[in-house]
Each structure stands twice: as structure tokens, then as C-alpha cells.
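I begin with the ligand contacts and then turn to a helix and the packing.

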Amino acid sequence: MNKVALITGINGQDGSYLAELLLGKGYVVHGMIRRASTPRTGHIDHLLADESLSDRFHLHFGDLADANSLRHIIDKTAPDEVYNLAAQSHVKISFDQPEYTIDVTGTGVVRLLEAIRNHMDHTGKEIRYYQAGSSEMFGSAKPPQSEMTRFEPRSPYACAKVYAHYQVINYRESYGMHASNGILFNHESPRRGEEFVTRKITRAAARIKLGLQKELRLGNLDAKRDWGFAGDYVDAMWRMLQKDAPGDYVVATAISISIRDFLEKVFDRLDLDWSKYVVVDPRFFRPAEVDYLLGDPSKAAAQLDWRSSTNITELATMMTDHDLKLAQAEARSSEPFTGR
Ligand code: NAP
Ligand code: GDD
């Protein structure tokens with residue numbers, strides 16, 4: 001029998017890579033998406049179009065703000081594994097919409113855990129749960145950060161993730177659920193949302209190279225992040241749920257560089273000098289900043305046999321080359337039509 005997985009946030013960056021991974025392993029994959037006026041399935045359209053997957057890949061409308069929809073989806077799909085990747089995931093936007101962020105990213109986790117607990121109570125079936133925790137939870141804690149480091153969250157988003165983290169432990173301890181927390185450091189890819197700094201930089205640099213954009217406005221260039229490749233990180237999520245016992249794991253590369261250093265890698269790839277194009281704009285500063293994230297992934301290496309396989313230079317190159325192709329297509333489409 002094929003295993004059955006439910007992925008919330010399947011049309012996000014990580015959801016799409018995880019769906020590919022699980023489908024490749026023979027899983028039946030159910031994804032939860034929100035209804036939107038304009039469909040947002042760009043990252044999974046290739047899976048939807050693949051007829052060979054039509055009996056193993058299914059989407060359902062639901063929302064972490066809507067407990068009823070979660071109960072319905074869990075009961076209907078009866079998954080073996082649930083990967084909760086859905087969230088209002090943007091740190092700066094969480095300062096603008098704190099209540100909404102806490103409802104979806106924090107309370108939404110309890111709604112989902114309750115739906116799972118009810119289903120397990122009624123059917124006797126075990127459902128394993130993965131929670132998309134974040135290195136943002138460490139906030140101002142001194143690097144390197146590991147599973148033993150105290151959380152010092154510095155945004156509504158990070159506070160909501162800390163709340164979710166402890167609820168997962170609560171459900172594990174109270175009800176014996178196989179519920180695990182991944183504490184993932186930043187991970188990026190060509191599918192990264194364009195409001196996150198790496199993708200904002202690679203998109204802009206490629207457009208600047210082709211004369212489609214003149215400048216790039218950014219906030220704090222001094223913050224340091226431990227950036228890995230999303231495709232590597234979804235494998236760690238899967239590995240957590242294959243362990244006999246649940247646990248909490250830091251997933252990171254153990255290398256951290258600043259936004260400034262990332263800018264240099266991207267613009268160098270395109271033979272450009274970043275300092276000629278970047279404008280620091282206070283609009284992009286946050287009320288509180290997380291200055292330095294550097295993960296210690298030794299537990300994931302020892303217990304999950306997981307390692308990051310993509311270094312930051314390879315990641316910057318992958319994203320820049322991808323976005324250069326996008327910019328080239330954009331330039332072609334904006335060329336005046338000369339006719340025959
Ligand atoms: P992402 O690209 O922003 O995807 C988030 C997904 O959640 C989207 O599919 C979004 O759907 C969905 N979503 C948002 N609000 C929802 C709601 N109320 N109900 C149902 N679905 C909702 O994020 P990601 O980078 O893939 O990250 C996946 C998860 O890992 C998130 O929980 C994030 O907080 C966490 N995380 C990410 C990183 C990272 O560096 N990427 C690191 C640590 C933790 P729409 O398309 O409809 O908006
Ligand atoms: N987004 C953005 N836009 N960030 C900027 C900008 C800008 O114009 N200029 C500078 N930055 C800085 C931010 O202040 C922050 O220090 C850093 O770039 C990274 O910002 P993001 O790419 O938005 O990511 P994040 O670290 O805040 O959050 C991401 O990683 C977390 C894991 O640590 C998100 O994916 C979260 O969902 C995730 O949990």
C-alpha cells in the first residue's frame with residue numbers, strides 16, 4: 001500500500017519540493033490550498049499536468065484559520081503523515097498583521113493538531129505530524145544555535161512559531177502523538193517568494209543586467225543568515241517522520257553570511273558591481289531585527305543522517321541563472337514587434 005501524505009502550503013516553496021519528493025517515493029499526496037481569485041498553483045502546475053500522477057496527487061480547499069475545513073480534509077484523506085508547511089511566513093509583514101499571523105501561524109497549528117487527534121481517537125489510526133518551525137524563533141540568541149538554545153523571538157511571526165513549537169511538544173507528551181518540530185534555518189531556491197531578500201536580489205540583479213531595472217532598494221544589509229537549498233531541506237522533514245520516535249531537529253548548513261555578501265555573490269555572477277545599484281531604504285527596516293543566525297545541525301546529521309548538499313555560492317548561482325533566464329524572456333517579450 002502506498003503511504004498517504006497531506007501537505008498544507010503545498011503551493012509554497014517548500015510544499016512544491018516536498019510534493020515532488022514524496023511522489024517520487026510512491027506516496028499518495030494530498031495538498032491543501034486556499035481559494036484565491038487568481039489561482040496560485042504555479043509551483044505545482046507541472047505535477048497537476050502530469051497524467052501519470054492523476055490518481056496519486058490531489059488538491060483540497062482549506063485554511064488554517066478554518067477548523068472545520070481541517071477536520072474535513074483529515075477525515076477525508078486519512079493521511080499517514082501530515083506536513084504542516086502553511087503559514088503567514090513573512091517576518092516583516094507579521095509586524096503589519098500580528099493578529100492574523102498569530103491566528104494562522106500559531107493557533108492554526110492547534111486547529112490542525114486537534115483535527116488529527118480527533119481522527120486518531122475515532123479510527124485508531126496513527127498520523128505522524130511535521131511542524132515547520134523556524135530559526136527565527138532563536139531571534140537574538142547567541143550563535144551558533146542548536147536544539148538546546150533558548151528561544152528569544154523578535155517578531156509576531158517568531159512568537160507564533162514558538163507557540164506552535166511548544167504545542168507540538170504538548171501534543172506529543174499529552175497524547176503520545178508522533179509529532180516533530182523541524183527548526184529550519186533560511187532555505188531558498190528559484191521558487192522562493194519574491195518578497196524574501198535572496199530572491200528579491202536575484203530577480204533585481206538579473207533585470208538590472210538586461211536594462212529592465214535601474215536600482216534595487218533594500219533594508220538592513222548587515223544581518224547574517226545561514227542559507228541552504230529548499231530541495232535539501234524537505235528531505236530532512238521526511239526523515240524526521242520516518243524515525244521510530246518523534247523529536248525536534250535543527251536543519252542548517254552551519255555557514256552564515258551577510259546580505260551584503262550574498263549581494264556580492266549574485267552581482268559578481270553577472271559581472272556587475274552591486275554597490276552601484278543598491279539603495280538602502282528605511283522602508284525595508286524591521287521594528288526589531290534578527291542579526292545573526294547560524295545553525296548547528298549536528299543532531300540532524302547524527303540521528304537523521306541528513307546533510308546540506310548545496311553551498312551558498314552554488315545556491316546564489318542557481319537562483320541567479322534561473323532569474324537571468326526569466327529576465328531574458330521578459331526582455332524578449334518587451335522588444336518592439338518589428339513585423340515582417
Ligand atoms: P511560503 O512559500 O510562504 O508558503 C507558505 C504556504 O502557506 C503557501 O502555500 C500559502 O498559500 C500557505 N498559506 C498561507 N496562509 C495560509 C492559510 N491561512 N491557510 C492555508 N494555507 C496558507 O513558505 P515556505 O518558504 O515554503 O515555508 C514553508 C513553511 O516553513 C512555512 O511555515 C514557513 O513559515 C516555514 N519556514 C520557512 C523557512 C524558509 O526559509 N523558507 C525557514 C523556516 C521555516 P498561498 O499561496 O495561498 O499564500
Ligand atoms: N525581505 C526582505 N526585503 N528582507 C530584507 C530586505 C528586503 O528588502 N533588505 C534587507 N533584508 C534583511 C531582513 O531585514 C532580514 O534580516 C534578512 O534580510 C532576511 O530577510 P527575509 O529574506 O525576509 O527572511 P527572514 O530571515 O526574515 O525570514 C525567512 O527565514 C525564516 C527562517 O529564519 C522566512 O522564510 C521565514 O518564514 C523563516 O522562518
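1. A nitrogen atom of ligand 1 is 3.2 Å from an N or O atom in the side chain of Arg-192, a polar contact in the sense of a pair of N or O atoms within 3.5 Å. An oxygen atom of ligand 1 lies 2.8 Å from a side-chain N or O atom of Arg-40, and a backbone N or O atom of Gln-13 is 3.0 Å from an oxygen atom of ligand 1.

2. These values come from a predicted model, in which local features need pLDDT of at least 70 and side-chain atom pairs count only at pLDDT 80 or more, whereas totals for chains, interfaces and linings use all residues. Residues are numbered from 1 along each chain as its sequence is written, chains are lettered from A and ligands numbered from 1 in the order in which they are written, and side-chain values use heavy atoms, with hydrogens and water left out.

3. Ligand 1 is surrounded by 26 residues, the closest being Asn-11, Arg-34, Asp-63, Ser-89 and Tyr-157, where a residue counts if one of its heavy atoms lies within 4 Å. Around ligand 2 there are 23 residues, of which Ser-134, Ser-135, Tyr-157, Arg-286 and Glu-289 are the closest.

4. For ligand 2, an oxygen atom lies 2.6 Å from a backbone N or O atom of Ser-89, and an oxygen atom is 2.8 Å from an N or O atom in the side chain of Arg-225. A nitrogen atom of ligand 2 is 2.8 Å from a polar backbone atom of Gly-219.

5. Helix H1 (residues 13-24), a DSSP run of H or I with at least four residues, numbered from the N terminus, is largely enclosed by the rest of the structure, because 9 of its 12 residues are buried, that is, under 20% relative accessible area with a 1.4 Å probe and protein chains only. Among the buried residues of H1 are Gln-13, Asp-14, Tyr-17 and Leu-22. Gly-26, which follows H1, has a positive phi, near 95 degrees.

Key:
Helices (H or I, at least four residues) and strands (E, at least two) are DSSP runs, numbered from the N terminus. The expected span of a helix is 1.5 Å times one less than its number of residues. Buried means under 20% relative accessible area, exposed over 50%, partly exposed in between (1.4 Å probe, protein chains only). A polar contact is a pair of N or O atoms within 3.5 Å; within protein, one must be able to donate a hydrogen and the other to accept it, and residues adjacent in sequence count only if both atoms are side-chain atoms.
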